[in-house]
Amino acid sequence: MAERQGGGVRRWYAGWTLWIVSASAAWAIPAFDEVRADFKPSDTLILSREGEVLQRLRTDATVRRGQWVPLAEVSPALRTALVLSEDKRFFEHSGVDWRAASAAAWGNLWNQRTRGASTITMQLAGLLDGDWRQGPGGRTVVQKLGQTVAAQVLDRRWRKDQILEAYLNLVPFRSELVGIDALSRTLFGKAAHGLDDREAAVAAALVRAPNARPALVAQRACGVLRDMQATSGARPAQRATPALARVDCDALDLFTTAALQRRAFDASEGVAPHFARYLLRQRSGKDGAVPERVSSTLRAPLQRFAVQSLQQHLRELRGRKVEDGAVLVLDNATGAVLAWVGSSGQLSQASEVDGVLALRQPGSTLKPFLYAQAIAERRLTAASLVEDSPAQITTASGLYIPQNYDRQFKGWVSVRTALAASLNVPAVRTLVMVTPDAFHRQLGAVGLPLRESGDYFGYSLALGSPEVPLLHLTNAFRTLANGGRSSAVALSDVAKPRFAPALDARAAFIVGDILSDGNARARTFGTDSVLATRFWTAVKTGTSKDMRDNWAVGWSERYTVGVWVGNASGAAMHDVSGTSGAAPIWSAVMGFLHAREPSRAPKAPVGLARTAVQFGPVAPQPGSPDPRGGGQPLEAAREEWFVQGTQQAFFAINSVAISAYPSSASGQNDAKKSAPDAAVSPAGLPPRITAPAPGTIIALDPDIPPARQRLQFTATGNAVQWRLDGKPLGRGPRVAWLPWPGRHVVQLTDAQGKVLDEVRLEVRGAGVVAQPLRAGAH
């Protein structure tokens with residue numbers, strides 16, 4: 001008897017312990033606001049600076065959740081269907097339906113199949129706390145007890161509408177779909193507020209059996225739909241439509257099967273997919289967390305216009321084998337990205353490729369930085385004369401023969417004309433002076449780091465042979481817009497930019513003045529090209545080899561716009577030039593930006609001088625008393641900008657310049673007599689070696705007698721002396737040298753022996769037998 005009483009006490013004690021443990025855990029149910037705040041969609045929304053949703057992007061691959069949907073935005077049909085299917089007395093009980101629980105217990109006693117007694121509130125308790133969730137073998141006694149207590153606690157602390165709202169957003173429906181927003185958008189292609197009776201019945205049926213076969217889901221949905229129609233009089237605002245006055249279960253079966261196969265909820269949707277991915281990659285690199293909403297610097301109206309302009313223009317180019325393009329708009333002052341269009345979308349066969357980040361050959365768009373460097377180093381001025389004529393430049397890999405876009409040559413032109421008209425040969429001649437390695441360093445300073453060295457590209461670097469992304473190229477042009485100061489782009493939370501000097505401000509201003517000069521680019525583009533705007537802008541186009549890439553990059557007072565057109569596959573375009581490819585899109589975007597906003601020319605920085613200049617003819621006319629030649633001038637007289645100290649009033653070649661300034665050698669040298677690849681330097685600049693270039697490697701030809709092989713050294717300036725390996729070699733701007741195997745140092749000195757310039761070269765070839773040299777040979 002004592003043992004029996006002891007066992008009863010132990011069972012009583014164990015029961016109360018179980019109850020206390022379950023009750024204490026149940027009382028830890030969070031508040032509704034906490035649950036709402038902890039809800040994390042599987043998608044991230046990218047917002048414009050105006051707060052408009054520009055892009056929805058899936059960021060959680062483990063589950064498919066949409067946005068949290070307030071109960072007021074849920075279809076009344078769905079609310080009715082869910083209550084009828086899962087908990088008919090939801091608005092009457094206090095969290096536990098004891099009547100249903102008694103019926104279920106009685107049915108279990110007599111081995112009868114009955115509907116479960118779990119209420120919506122009890123199911124929500126299981127969703128909020130995994131301890132009450134049903135496992136593979138069903139719930140334990142502790143779980144059932146805890147769930148019952150938790151449901152009653154929920155019902156006391158939460159309102160009924162909060163319980164129903166949380167349940168609809170947290171309940172798993174099918175496969176990876178969780179919550180009503182993901183379900184309605186995936187299976188029905190609409191928001192939750194638009195679900196009709198039939199769709200609501202299918203959704204309610206999925207709650208009870210999320211992964212059941214379509215036929216079973218349709219069967220249960222048919223029963224729910226009958227219940228809805230039976231109670232339709234109680235909800236006049238949502239009466240059954242005449243087509244559903246009588247439930248057609250066969251038709252519902254077909255509808256359910258089709259719906260369960262749909263996947264209308266795309267992983268990404270909006271007008272800025274590439275920007276969204278790039279932005280989230282940048283953010284996740286900082287703290288790893290991806291918020292539900294991310295504010296960006298994009299302007300929603302501008303982004304949509306840029307997308308529309310790109311697609312519209314590419315449709316107009318249909319038939320010219322071009323399907324891809326990209327647009328980038330930056331704010332000059334802050335570096336904020338205002339528009340980022342990475343692809344032409346449906347027009348492209350590679351729409352996932354981001355054209356803003358893809359590496360492509362920039363073509364002539366690198367020329368502004370080359371001329372800016374030459375001007376900053378006082379090798380050239382905007383009025384200096386360079387020769388646009390056939391050139392053969394010796395390199396380590398052979399002869400480099402640059403050509404112009406139109407396969408024609410313009411003769412002697414000023415630097416202003418050469419850059420604005422995008423002439424190739426003068427650019428290569430300029431790079432010979434600057435050297436590929438020095439230009440390579442300058443490109444890195446403006447934000448265009450290249451993977452290979454300057455020697456790897458050689459003189460083709462002047463014509464844009466490396467590969468750069470539109471993002472870096474456009475920001476490099478923004479450096480020109482900001483007077484040579486460079487800073488990183490901003491994607492969100494624009495802070496005060498950190499500028500660093502990257503280019504001489506005076507040279508940047510002069511290059512901008514050239515690229516804004518419509519008359520200067522008339523030789524190539526005409527006077528009424530698409531590049532001309534009604535407000536101040538500076539722009540440069542570019543086309544890569546075989547017409548694989550086409551560019552237009554330029555800036556106004558406030559904005560820098562870059563456009564690329566081509567094919568993501570690398571295929572060549574057909575008959576697409578700088579003015580027919582990217583330029584019309586650039587012009588349209590610039591016009592949109594300045595529809596109600598002026599753009600004024602920048603003010604000249606300190607250290608510049610504006611001087612009236614004249615140009616002489618190619619050669620003096622016979623019998624003319626005019627020392628300048630009396631013929632047609634190379635270019636019309638104008639006022640020109642100069643770096644202080646480099647200005648001069650007259651520009652001509654060789655004897656014309658000398659006769660104009662007989663008292664000194666300040667006139668420009670005849671570059672044709674100096675070297676085929678030497679540009680003319682302005683007066684007053686220190687002499688420099690123009691050929692050979694630093695690092696030149698010369699190969700001796702074994703089939704030519706060594707005594708007949710000569711290497712020409714050329715330099716700017718007349719009163720100069722040459723030294724080779726420390727020994728005198730000759731005088732004047734041009735000397736010839738008999739090359740000999742080995743590494744050599746060539747120096748240019750003044751009359752006092754001061755070294756003015758120096759290059760190193762190497763001569764390679766088989767050993768030869770030394771022979772006596774004739775008089776005059778070195």
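Author: A residue counts as exposed when its relative accessible area is over 50%, and as buried when that area is under 20%. The model discussed here is predicted.

Reader: Is Ser-175 buried or exposed?

Author: Ser-175 lies in the loop between β4 (172-174) and β5 (177-178). Its phi is near 55°, a positive value in a residue other than glycine. The relative accessible area of Ser-175 is 58%. Because the cut-off is over 50%, Ser-175 is classed as exposed.

Reader: What is the relative accessibility of Asp-575?

Author: Asp-575 also belongs to a loop, the one between β18 (559-566) and α22 (583-593). Phi of Asp-575 is near 55°, which is positive although the residue is not glycine. Asp-575 counts as exposed, and its relative accessibility is 51%.

Reader: How many residues apart in sequence are the parts that Phe-32 and Trp-158 tie together?

Author: The structure holds 17 aromatic pairs. One of these is formed by Phe-32 and Trp-158, with 5.5 Å centre to centre and 90° between the planes, an edge-to-face arrangement. Phe-32 belongs to helix α2 (residues 32-38) and Trp-158 to the loop between α6 (141-157) and α7 (160-170), so the pair connects parts whose separation in sequence is 126 residues.

Reader: Are the rings of Phe-642 and Phe-651 stacked or edge-to-face?

Author: The ring centres of Phe-642 and Phe-651 are 6.1 Å apart, and their planes stand at 5°. Planes under 30 degrees apart meet the criterion for stacking. Both residues are buried. The angle therefore makes the pair of Phe-642 and Phe-651 stacked.

Reader: Which residues do ring pairs link into a cluster?

Author: Phe-32 and Trp-158, both of them buried, belong to this cluster. With the other two members included, the ring pairs link Phe-32, Phe-39, Trp-68 and Trp-158.

Reader: How far from the ring centre of Phe-255 is the charged end of Arg-198?

Author: The charged end of Arg-64 sits over the ring of Phe-265, 3.9 Å from its centre. Arg-198 likewise places its charged end over a ring, that of Phe-255, and the distance from the centre is 4.0 Å.

Reader: Which strands stand at the edges of the open sheet?

Author: The sheet has 5 strands in the order β23-β29-β28-β25-β26, with mixed pairing. On average, its neighbouring strands are turned by 30° against each other, direction ignored. Each edge strand has a single partner, so one side of it is left without a neighbour in the sheet; these strands are β23 and β26.

Reader: Which residue is the bridge partner of Leu-724 in β26?

Author: Strand β25 (residues 721-724) runs antiparallel to β26, and 4 bridges join the two. In β26, Leu-724 is partnered by Lys-727.

Reader: What is the omega of the cis peptide bond between Ala-691 and Pro-692?

Author: Pro-692 is placed in the loop between β22 (689-691) and β23. The peptide bond joining Ala-691 to Pro-692 is cis, with an omega of about 5°.

Key: Residues numbered from 1 in each chain as written. Predicted model: local features only at pLDDT ≥ 70, side-chain atom pairs only at ≥ 80, totals over all residues. Heavy atoms only, no water. Phe/Tyr/Trp six-rings, centres within 6.5 Å; stacked < 30°, edge-to-face > 60°. Buried < 20%, exposed > 50% of the residue type's maximum accessible area, 1.4 Å probe, protein only. Lys NZ or Arg CZ within 6 Å of the ring centre and 35° of its normal. Pairing = 2+ DSSP bridges. Axes fitted to C-alpha atoms, helices over the stretch in contact; angles between N-to-C directions.
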